[in-house]
Amino acid sequence: MLDKNYNPKDFEEKIYERWETDGDFKPDMKSDKDAFCIVIPPPNVTGILHMGHALNYTLQDILIRYHRMLNQNVLWQPGTDHAGIATQMVVERNLAKEGISRHDLGREKFIDTVWQWRKQSGGTICKQLRRLGASCDWSRERFTMDEGLSAAVRKIFVKMYKDGLIYKAKKLVNWDSKFMTAISDLEVIQKETVGKMYYYKYPIEGEESEYIHIATTRPETMFGDTAVAVSKDNEKLKHLIGKNAVLPIINRLIPIIADDHADPEKGTGAVKITPAHDFNDFEVGRRHNLPLINILNPDATLNDNTPFAGLDTQTARQKTIEKLEELGLMEKIEDHPMVIPYGDRSGVVIEPMMTDQWFVDAPKLAKEAIRVVETGDMEFVPKSYEKTYFEWMRNIQPWCISRQLWWGHQMPIWYTEDGTIFCEETEEEAQAAADKHFGRHVTLTRETDVLDTWFSSGLWAFSTLGWPDENSEYLKTFYPTSVLVTAFDIIFFWIARMMMMSMYAMKDVPFRKAYIHGLVRDEQGRKMSKSKGNTVDPMETIENYGADALRFFMAAMETQGRDINMSESRIAGYRNFATKLWNAARFGEMNEARPVKDFDADMVKQAVNKWIVAKAKEATLEVSRNLDSFRFSDAANSVYQFVWGTFCDWYIEMIKPILYGDNETAKQETKATFAWVMDRILVILHPFMPFITTELWDNLAARDDKLIKHTWPQNEVIDEQSAQALDMVIDIISTIRSLRAEMNLPAGAKLKAYVKDASATELLHIKDFANIICSLARLENIEALSGVASSDMVQTVSGSLTILIPLKGVVDFAAERERLQKELAQLDKNLAGYAAKLSNANFVERAPAKVVEEEKRRQSEALANKEKVEAALARIANL
RNA sequence: GGGUGUGUAGCUCAGGUGGUUAGAGCGUUACGUUGACAUCGUAGAGGUCGCAAGUUCGAGUCUUGCCACUCCCA
């Protein structure tokens, strides 16, 4: 017996454990069924499930469960990402609590500590994923730093190096002074702020009283200036070109050069050039062969090339201004809106810095990655995202992949003492190569830099499936994977890199489709963030409403190309939906509606049963169609509407007279049909609400198979004919209910109803379903009107037939007149519309015949109704 | 500055190829202890579909312009 109340806590976790121990998430490698595979976007090991994850993983699980039930060979490949900076940060923070820095430990011990930490607390998010119901094959869980994936990283790296796609270069890069590492362009966040613009002047060499006026937001960088640029079209200043300016304070001479980077209209028209600390200036420097002077230490304090060595930039800026003021060179300071780059993880100001770094030749790799999207080998859903992708890929810059961190894949690069580079997968191979090259034994030191986390994530689609083992069964079966599901903000970080790396290594796309979803925002539509304090913890939501409710919410809200606003009331609504289903199942249980073996739904005789069978098949088809095209909300709403609106609101109510009646044959058939529909509901709802459906599946009957592996019905024949009679009945009942409400008829008043203008078939139906109509519309009786309508009858119209209810003494006929007048007005309005259309020669000529016919039909129907209403009005005119 | 979206009921949002009286949930109003369910049922109110032109027999849907906002990239 089912419990009286739906209580998800009682069974959700238990059910998940059983699935997992039974191996239900594992693919069947012996089958030759179509393969369906999703690789999980690996969460950071440091991660804690947030609503964005909940959305992302719910959508994937829906697809996975659906395809598993379609009888395909399904793999959802799970794993986590080592998340270089994020993880190192977490572990360093822990160490700091004990007053230890990573340098105290040294590299090796620190890395040990990270692994230890990972062992202890790195599994949190995977546990949470289980709580959500994610049916990943955990036996295949991977980690971007595990042995297999590390081997893949080394292999690719060496191959790319040898192909000239990875190279070392001294370039200006984004320097994060907190972690003391380079980061990629993508990890830099540009923030708008109001800063200051400083105006001051440099003396000119050999000119007593002439100055060149400078405007800058960063005066402290002047010690790195190696030129002042002026446009050659700048009439006021061009006479200075070729002369030297004197850098104040340190009295170094720098040339005044002609370069269009200096816009005559902006600022003072003259720009100080600091090639080692500004991306634009770097380009100017290259055009003019200017020297580069680095003025910063790795921690972003000023170095010995300045008079303010050891000071941070802010303090140095103050000192510089003070000095300039002392020298009488400072002119003014103004507020100035500007954009400042920050590290996305560290939150500190990013400094452009000249360093030796390693780069991937992304522009070259991008070509194939662009081509396969152009040809449709990989499709974005929604399609509009391919624009974003192309935009980025066609303007892609070399990708800086080296990080001066400790936690990550150490680059397989070795140097000899003279700096010759050897790149091999192992130290032995590197040693051998080096020895061979020099013809003697040489000493090698390994590159200390590690790789950008996204380098290993870029291999995820094939490295998790077994690559570099080309014979891996999983790789052969599941690559390319079927679909990738991810948020749009990760297109550049991940999708782009996966596309490039996969095309390079596998010569094929990593996935056939990329489904891109939006962000989960708070109830007001603001971005969720810890600092705003508006985050909602999915675990808490699951605790309160059950995982099924949260999942259904995510599915029902997911419409392509739009963000989702969190809504507790809505989640509560889907919990209510689960309760509703639970109670419907209990109703079945109480009425002994148990599944009947070999029950053939196509053979039912009772009209209600025929009707619900057709509706159930229709709903199934809708869910399938919508899931096939990633229309999650439409799919969810199809089930919702069927379960609540069709099955509970109508079918259950309509079968009550049968169940409580004495026609045994009809009763048996109805019980069996009820059970069949209930099973069908469990099947088509399972991808969305796996827990409650499984709980009911297991409790309502002894089964031959598990719901999770039950076959999804396909290619069913739907008997649309059989649905019509009941649709008419529903219409009649609704019409009478409306009438009762509008006339304020007491709920308890049992009324008689008469039908007029009904066809023979309609009358037959009404006779057949009289008990249903009477019970649901609270009538005493319904029958065909014999003779003329009496003047005390209230009239309403349902479809083409007229329903009359005698109400002498019960009703206020003035109110009835008013109601009919209202109805008449509406009819007149519609009729005017039809007439206008149909009298328009253009419409009749050009619109498709079908549309014109339909319009005519509506017109005649409305006309007929109008006559009826007018007759009714005339009839009660004197009451 | 370049690009991309969005604007529909009080709120949050649906409305693949243009075609009934524009839908849902929540909220709201009235009624209801109808033998699964008050985590419920029945009925209702509520919309100039951002604004203005255009294409079309017909526009929430297509085109153009404008306004407001979101996001991405400089």
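Trainee: Where is the place of Pro 480?

Mentor: Pro 480 sits in the loop between H15 and strand S22 (481-487), where helices (H or I, at least four residues) and strands (E, at least two) are DSSP runs, numbered from the N terminus. Please keep in mind that this is a predicted model, in which local features need pLDDT of at least 70 and side-chain atom pairs count only at pLDDT 80 or more, while totals for chains, interfaces and linings use all residues. Residues are numbered from 1 along each chain as its sequence is written, chains are lettered from A and ligands numbered from 1 in the order in which they are written, and side-chain values use heavy atoms, with hydrogens and water left out.

Trainee: What kind of peptide bond joins Tyr 479 and Pro 480?

Mentor: The bond between Tyr 479 and Pro 480 is cis, with omega about -5°. The peptide bond from Trp 467 to Pro 468 is also cis, with omega near 15°, and Pro 468 belongs to the loop between helix H14 (460-463) and helix H15 (473-478).

Trainee: Stepping back, how many helices and strands are there in chain A?

Mentor: Chain A has 29 helices and 29 strands. Its radius of gyration (taken over C-alpha atoms) is 37 Å, well over the 29 Å that the globule rule gives for 879 residues, so chain A is more spread out than a compact globule; that rule is 2.2 Å times the number of residues to the power 0.38. Along its principal axes, the C-alpha trace of chain A spans about 120 × 65 × 55 Å.

Trainee: What share of the residues of chain A count as buried?

Mentor: Of the 879 residues, 54% count as buried, where buried means under 20% relative accessible area, exposed over 50%, and partly exposed in between (1.4 Å probe, protein chains only).

Trainee: How should I read H23 itself, and against which helices do its buried residues pack?

Mentor: Nine of the 11 residues of H23 are buried, so this helix is largely enclosed by the rest of the structure; among them are Phe 691, Ile 692, Leu 696 and Trp 697. The buried residues of H23 pack against helix H1 (12-21), helix H2 (51-69), helix H6 (124-132), helix H18 (547-557), helix H19 (568-590) and helix H22 (664-685), with contact meaning heavy atoms within 4.5 Å.

Trainee: Is Leu 302 buried or exposed, and what is it in contact with?

Mentor: Leu 302, in the loop between helix H8 (279-288) and helix H9 (313-326), counts as buried at 0% relative accessibility. Leaving aside neighbours within four places in sequence, Leu 302 is in contact with residues including Glu 220, Phe 223, Ile 295 and Phe 308.

Trainee: How do the strands pair, and in what order do they stand in the open sheet of four?

Mentor: Strands of a sheet pair through backbone hydrogen bonds, either parallel or antiparallel. Here two strands pair if DSSP finds at least two bridges between them. The open sheet of four strands has the order S6-S5-S14-S16, with antiparallel pairing. Strand S6 (181-183) and strand S16 (399-400) stand at the edges with a single partner strand each, so one side of each is left without a neighbour in the sheet. Strand S14 (residues 350-360) pairs with S16 over two bridges, and Val 360 stands opposite Trp 399 in S16.

Trainee: Which strands does S11 pair with, and in what sense?

Mentor: Strand S10 (residues 244-247) pairs with strand S11 (residues 252-258) in the antiparallel sense over four bridges, whereas strand S9 (residues 227-230) runs parallel to S11 and is joined to it by three bridges. In S11, Pro 255 is the bridge partner of Asn 244, and Ile 257 stands opposite Ala 229. The hairpin of S10 and S11 has four residues between the strands, and there Ile 249 takes a positive phi near 70°.
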